[in-house]
Structures are given as structure tokens and as C-alpha cells.
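Trainee: I am new to this one. Can we go through it, with me asking for the grounds of each label?

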Amino acid sequence: MAKKDVVIKVENLQKSYGKNEVLKGVDLSIQRGTMLALLGPNGAGKTTTVRIMSTLLGYDGGAVTIEGHDVKREPDAVRHVIGLTGQSAAVDELLTGRENLIMMGRLYHLTRSSAKERAEELLEQFDLVKAADRKLSTYSGGMRRRLDLAVSLIATPPVIFLDEPTTGLDPRSRIAMWDIINDLKKQGSTILLTTQYLEEADQLADRIVVIDGGKVIAEGTAAELKRKVGEDRLELTLADDKSFKAAKDILGKEVVDTDEENRVVTVMINDTNKDVKRALELLDGKKAKLLSINVHKPTLDDVFLSLTGKLKADDESGEEQ
Amino acid sequence: MATKLVFDKKPKFLLSLSDSLIMIGRSSRHIIRNTDQLLGTFFQPIMFLVLFSAVYSGAVRTGDINYTNFIMAGIIVQTVAFGSTTTAIAVANDMKRGIIDRFRSLPMSNLAVINGHVISDLFRNGISALVLIVTGLVIGFRPTASLGDWLLVLGLLCLLTLALSWLNAIIGLAAKSVEGVQWLTFVLIFPLTMASSAFIDPSTMTSWLRGFAENQPVTHIVDAVRSLLLGTPMGNSGWLAIAWITGVLVVSIPIAAYLFRRKTQV
């Protein structure tokens with residue numbers, strides 16, 4: 001896993017449906033053994049990008065290569081190295097979990113015994129041994145997603161696409177899924193994850209590409225993106241009006257925001273340790289009494305808000321077509 | 001990952017063949033697992049046979065042949081025709097659900113998905129035909145067919161199943177919804193089997209319908225099967241039946257393959 005070369009390269013990718021431009025020149029590159037999160041609201045072009053990368057959809061301009069194979073010219077070679085977990089669980093409802101795994105393994109052209117062996121291993125790994133011989137129609141949503149992911153790993157592809165793998169899951173299943181995805185990363189897979197959950201991208205990915213309206217609007221590590229939005233803030237809540245006034249005076253031009261009613265004074269800080277200590281010393285010297293302090297680090301929600309000018313709503317299924 | 005994976009190193013042609021075999025296995029499992037449909041496979045032919053022979057036996061003149069003997073060929077052909085419509089539904093279901101994307105992202109022969117549904121229809125129709133013939137024997141069906149005749153009937157019905165299943169695959173690929181498929185296949189098959197020699201001698205029908213009924217493919221196929229089962233005169237029906245079936249196969253396979261490619265290729 002020492003090689004740190006680029007496994008997935010997307011250059012100036014364009015796609016339209018009639019007059020509707022869905023992708024307006026997307027660039028991505030993913031290094032071996034890392035996870036990139038493609039983050040964006042519904043309709044941003046995430047799924048379109050993944051479908052093109054996994055040979056399911058054509059495109060109008062640009063280039064996509066995976067492990068050096070062009071998706072348009074060598075789709076079969078690409079299919080050998082990718083595993084895809086889509087939004088809707090792509091598994092056979094009338095087959096059992098084990099049958100699904102073995103069938104897909106055989107369709108990757110594993111030998112029968114190899115497919116069986118690998119199926120057992122995955123059932124174990126994904127905690128599906130007990131349900132292995134039940135029809136899928138009896139599985140819960142979380143189990144189905146786990147099986148779906150297991151199916152896409154049957155031939156241990158080096159490149160894995162996870163298209164919104166936790167959308168619609170309850171919080172417990174989501175965290176179980178995160179654990180599994182983190183394990184995949186540890187095993188050295190190269191992963192593209194799409195998500196509309198900022199927290200998910202923050203938790204899992206090495207790098208994040210924010211996409212909106214078919215364009216990349218920001219790129220970097222979670223920390224870099226947060227830095228773009230601004231520094232950390234220190235919110236000081238004072239015990240009484242006298243303290244509030246004193247705090248305002250002493251902190252002077254460093255104050256960026258005040259809230260009279262709740263007696264909150266906000267200052268920007270660079271170094272959490274030093275600056276918080278200094279602020280407290282200053283207040284102490286003026287006998288300003290504190291009720292609480294709160295260091296606020298920018299979240300990806302702030303990032304998204306400042307980049308797109310709109311808050312990514314959590315009720316995702318709403319108005320979008 | 002502990003396990004070392006072993007890949008099949010067969011030539012591409014053999015791998016495509018094995019893809020189709022795997023998909024036939026899948027579709028055949030569907031036939032057994034889909035309980036509602038399986039009940040239909042068992043009871044629909046029995047219902048048709050018992051109802052038709054009881055309702056029409058007094059009213060319909062079929063010459064020297066007893067009516068149960070007469071309609072056996074018709075009911076068998078009708079059952080096979082309705083059985084093949086499940087291909088349309090199965091194909092439409094696969095195309096609507098995420099599973100087709102899964103298959104397409106695999107390094108497999110994609111057309112194997114359709115092959116699986118079409119060929120597993122032989123299995124389903126085999127069950128239906130067997131149930132039908134046993135029921136027939138119980139209620140008075142007395143065939144005169146030799147072993148050779150039975151084998152010819154089997155061959156003809158297998159060919160018919162394949163031809164109709166490919167035709168249904170086209171419907172399944174072209175349809176916008178699964179409900180639409182059910183409606184469309186019924187509207188196609190019911191008139192073709194009613195306005196044929198399946199249940200009534202076409203020479204007794206209204207004149208405008210008679211011309212159609214005497215010359216349409218279902219009549220030729222039913223007449224051929226009836227002749228093999230009961231020793232009635234074959235005439236040209238055997239050749240015409242095979243010509244029609246071959247014609248449908250020759251036309252529908254490339255159309256289905258084309259539609260499938262157009263729907264799945266990038």
C-alpha cells in the first residue's frame with residue numbers, strides 16, 4: 001500500500017440531459033488507499049458522477065480513468081476493479097443472503113468454491129451469519145444495506161463506490177455502517193463516498209469535494225474547509241449586566257459579536273489554549289463574572305452555508321426531482 | 001482479507017455461457033420462491049381445464065371427439081402462452097429495480113439477465129403442462145399418442161415457450177410499468193387463444209372472425225398438438241406451426257437484444 005498514485009481521475013466531466021446541464025466540468029482525483037467524500041445536496045450531480053464512473057452512464061465531455069482504464073473505452077476492465085453500492089439496495093429479494101453473495105461472486109467469474117468461501121467470510125464480517133439463509137424480503141433496512149455492501153466487495157475490488165450508503169438508515173445502523181466503511185479504509189481500499197450528510201463526510205473521508213449545481217465549489221480536508229469559513233470563536237456568557245459591560249470594554253476591538261439580552265460576548269481566537277487563557281485572565285482582572293464559556297469550531301454546516309449561501313436541509317427528499 | 005480469490009480462467013465465450021446458466025438458476029429459484037405465482041402455475045391450468053370442459057362440453061359440437069379430449073391441446077397451448085407472460089413481468093421488474101445496475105456494473109454478459117428469465121420459463125411451463133395432463137387424465141382425457149408423438153409435442157411446446165418468452169421479454173423491456181405489462185400481455189394473449197381452434201371449431205364462428213381464426217398461428221399450433229395427441233388429421237398445421245414459431249424467434253430475439261442494449265448501454 002506504499003504506492004500513493006492516483007487511482008481515480010476525473011477531468012472536466014460534463015453531462016447534460018437535453019438542455020439540462022447536470023455536470024458542468026467536474027474534476028476529481030483520488031489517491032490509492034484514501035477516501036474521498038463527494039458532498040452536496042440533492043440534485044448536485046453526485047449520483048450522476050458515480051454512475052458515470054461505474055460505467056452505467058455515458059457522458060458528453062471530459063475523461064474518467066480508473067486504475068488507468070478509460071471508462072468509455074474499457075468498461076469491462078473498469079468493472080473488474082470496482083465495486084458499487086448504490087442508493088437503492090441492488091440485491092435479489094427472492095434469494096437468501098448467501099445465495100446473493102455466491103451468485104454475484106460467480107458473475108465476477110470467481111470459481112464456485114472460491115465464491116462460496118468468500119461469501120462465508122463476508123457474512124461473518126458483516127454480521128449476517130444468522131440471517132444468511134433467509135430470503136432478503138425478511139431483512140431490515142440496515143441488514144439489506146450491509147448485504148448490498150458485502151455483495152459489492154465479493155471480489156475484493158480495489159476501488160469502491162459508495163453512493164449514499166447510509167441514506168434512510170436509522171442512527172444505529174448508520175453508525176454500524178460507518179464502522180464497516182472505516183474498516184474498508186484500513187484495509188487499503190480506495191473509496192469514493194457520496195453523501196449529503198456533512199457529519200458523515202467529516203467522520204469518514206480523508207478529503208472532501210463539495211459539489212453543487214454540477215460544479216465543484218470547494219475541495220480539501222475537513223480541517224481546510226473549516227478554515228476557509230473562519231477561525232474558531234469563543235463565546236463568553238456573563239453572569240450579570242455589570243460583568244457583560246466590563247467584558248465588552250476589556251476585550252475591546254476583539255469582540256466580533258455581542259448579545260445584550262443573553263449577555264454573550266463573542267471573540268475570534270486563533271490558538272484555543274493561549275487565547276482562551278488570556279481572555280479569562282483579562283476578565284478576571286476586571287472582576288467580570290462568567291456563567292459559561294463555549295469554544296465554537298466551524299462545522300461543515302457552516303462550510304456549506306458559506307459556500308452555497310443556503311443551508312443543506314436535512315429533509316432531503318422534499319422538493320427535488 | 002484472508003481468503004485468496006480464485007478466478008475462472010475460461011475463454012470469454014464459455015464465461016458468457018456460465019453467466020446465462022447462473023441467471024437461469026436465479027430465475028428458476030424465483031419460480032419456486034414466489035409462492036403466489038407458483039400457486040397460479042399449479043391451479044390456473046386446472047381451473048381452465050375443469051371449467052371449460054364442464055361448461056362447454058354440452059354446447060360445443062366437436063364431432064366424434066369427446067370435448068375433454070378436444071380442448072386438451074387448446075388448454076395446453078393457452079397455459080404455455082399465459083405462463084410465458086411471467087417473463088415480461090420478471091424483465092420489467094428487473095429493469096425497474098436497482099438490481100439491473102448491479103448486474104451492469106459486473107464484468108458479466110448482460111444479456112444473461114434476459115436469457116435467465118426466458119429459459120427458466122421452460123421449467124415453469126413444464127410444471128404447468130404436467131399438472132394439466134395429469135388432471136386431464138383424471139377427468140377423462142384419453143390420448144392416442146405414441147412416445148414419439150409425445151416427444152414431438154414436448155419439442156413443439158418448448159419451441160413455443162421460447163418464442164413467446166422472447167416476445168414477452170420485448171414487452172417487459174418496452175413497458176413503462178409492471179402493471180402495464182400485465183394488462184398488455186392479457187389483451188394480446190386472450191383474444192389469440194379464444195379466436196382459435198383451442199376451444200371451438202373455427203368453422204362454427206361468425207364469418208369475419210372465422211377467416212382470422214382459421215389462419216392465425218395459435219390455431220396451427222393447437223391443431224398440430226391435437227393431431228399428435230389424438231391422431232386427428234395434421235394437414236399443413238405442423239409445418240405452419242413450426243414456421244410461425246421460428247419466425248417469431250428470428251424476429252424477437254434480435255429486437256429484444258437491441259432493446260436491452262439500448263436500455264442498458266451507455
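Trainee: How do you know how far to trust the model?

Mentor: This is a predicted model. It scores ipTM 0.86 and pTM 0.80. Chain B averages a pLDDT of 89, and 98% of its residues score at least 70.

Trainee: Why is Asp170(A) called exposed?

Mentor: Asp170(A) has 12, so it counts as exposed. Asp170(A) sits in the loop between β7 (159-163) and α6 (171-186) of chain A. Gly142(A) is 28 residues away from Asp170(A) in sequence, yet the C-alpha atoms are 7.9 Å apart.

Trainee: What makes helix α1 of chain A largely enclosed?

Mentor: A residue is buried if 20 or more other C-beta atoms lie within 10 Å of its own. Seven of the eight residues of α1 (residues 46-53) of chain A are buried, so the rest of the structure largely encloses this helix. The buried ones are Lys46(A), Thr48(A), Thr49(A), Val50(A), Arg51(A), Ile52(A) and Met53(A). After α1(A) comes Thr55(A), with a positive phi near 65°.

Trainee: Why are β6 and β10 of chain A said to stand at the edges?

Mentor: Start with the order. Six strands of chain A form an open sheet, β6-β7-β8-β3-β9-β10, with mixed pairing. β6 and β10 (215-220) each have a single partner strand, so one side of each has no neighbour in the sheet. From one strand to the next, the twist averages 15°.

Trainee: How do you know that β7(A) and β8(A) pair?

Mentor: Pairing needs at least two bridges. Five bridges join β7(A) to β8 (residues 190-195) of chain A, and the two run parallel. Ile160(A) stands opposite Ile191(A) in β8(A).

Trainee: Which helix lies across β9 and β10 of chain A?

Mentor: That is α8 (residues 222-229) of chain A, which lies across β9 (207-212) and β10 at about 105° to β10(A).

Trainee: What makes β4(A) and β5(A) partners?

Mentor: Again, at least two bridges are required. β4(A) and β5 (residues 69-70) of chain A have two, and they run antiparallel. Ile66(A) faces His69(A) in β5(A). Their hairpin has two residues between the strands, and Glu67(A) takes a positive phi near 50° there. β4 (residues 61-66) also pairs with β1 (residues 6-17) of chain A, antiparallel over five bridges. In that pairing, Glu11(A) stands opposite Ala63(A).

Trainee: On to the other chain. How many helices and strands are there in chain B?

Mentor: Chain B has ten helices and zero strands. Of its 266 residues, 41% count as buried.

Trainee: How do you know what radius of gyration to set chain B against?

Mentor: By the globule rule, 266 residues would give a radius of gyration near 18 Å, and chain B has 20 Å, which agrees. Along its principal axes, the C-alpha trace of chain B spans about 75 × 35 × 35 Å. Among contacts in chain B with a separation of 6 or more, 79% link residues 24 or more positions apart.

Key: Residues numbered from 1 in each chain as written. Chains lettered and ligands numbered in written order. Predicted model: local features only at pLDDT ≥ 70, side-chain atom pairs only at ≥ 80, totals over all residues. Helix = DSSP H or I, 4+ residues; strand = E, 2+ residues; numbered from the N terminus. Rg over C-alpha atoms; globule rule 2.2 N^0.38 Å. Contact = placed C-beta atoms within 7 Å. Axes fitted to C-alpha atoms, helices over the stretch in contact; angles between N-to-C directions. pLDDT = per-residue confidence, 0-100.
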